[in-house]
Amino acid sequence: MKIFAITLFIGIISSMLYAGGDYVLVNVKSFEEKKGIAKIKIKQIDDRDPLMKGCFEFEVAITHKRVPWFSWLPFMKSSHPAKKENQASLGLLLEVYQNKVPINFGYMGYGLAGTEKECSFVSYGLKTIKTEEGEAVLSFYSEI
């Protein structure tokens, strides 16, 4: 019973700590994929409010990793993207890059982790969601 209570408590705290996110309309300026790592350069269309750390133009290195430590528990469902969701979102980003059309791009939780290089971020998974404006590709790094 104690183990169940501890697991339930951890699950509740984890879900409360899970932060929201944001997305903005962007153009994908470049798309490169090598050895399971996709590198994209993004330029925000509306430059009134930067999406990440004052950067209106930034690059993201995307590799899929299973982040949540609690995802092995049978009653815990993680919102972190599955590998198929990540691949589908990468396909969508490649499509909008090739067609030179804008898309909403953003993050959930700690969706973009900064690197030592200015305006450069790391993502451990992408997920496409439906929005009022159409679709948005969201980056996930770590949920908590």
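Start by selecting Q44 and its surroundings. Beyond its neighbours within four places in sequence, Q44 contacts V24, L25, V26, D49, P50, L51, C55 and F56. Keep in mind that this is a predicted model. Q44 belongs to strand 2, residues 37-44. Its relative accessibility is 4%, so Q44 counts as buried. A polar atom of the Q44 side chain sits 3.0 Å from the backbone nitrogen of L51.

Next, turn to the aromatic rings. The whole structure holds three aromatic pairs. Select F58 and F105. Their ring centres are 6.4 Å apart and their planes meet at 45°, so this pair is tilted. F58 is in strand 3 (residues 57-62) and F105 in strand 4 (residues 103-108), so the pair ties together parts 47 residues apart in sequence. Both ends are buried: F58 has a relative accessible area of 3%, and F105 has 0%.

Move to Y124 and Y141. Here the ring centres lie 4.5 Å apart with planes at 25°, so the pair is stacked. Y124 is in the loop between strand 6 (120-123) and strand 7 (126-131), while Y141 is in the segment after strand 8 (134-140); the pair therefore ties together parts 17 residues apart in sequence. Y124 counts as buried at 18% relative accessibility. Y141 is partly exposed, at 25% relative accessible area.

Ring pairs join F58, F105 and F121 in a cluster.

Last stop: Y97 with K100. K100 lies over the face of Y97, 5.8 Å from the ring centre.

Definitions and conventions:
Residues numbered from 1 in each chain as written. Predicted model: local features only at pLDDT ≥ 70, side-chain atom pairs only at ≥ 80, totals over all residues. Heavy atoms only, no water. Helix = DSSP H or I, 4+ residues; strand = E, 2+ residues; numbered from the N terminus. Buried < 20%, exposed > 50% of the residue type's maximum accessible area, 1.4 Å probe, protein only. Polar contact = N/O pair within 3.5 Å; in protein donor to acceptor, adjacent residues only side chain to side chain. Contact = heavy atoms within 4.5 Å. Phe/Tyr/Trp six-rings, centres within 6.5 Å; stacked < 30°, edge-to-face > 60°. Lys NZ or Arg CZ within 6 Å of the ring centre and 35° of its normal.
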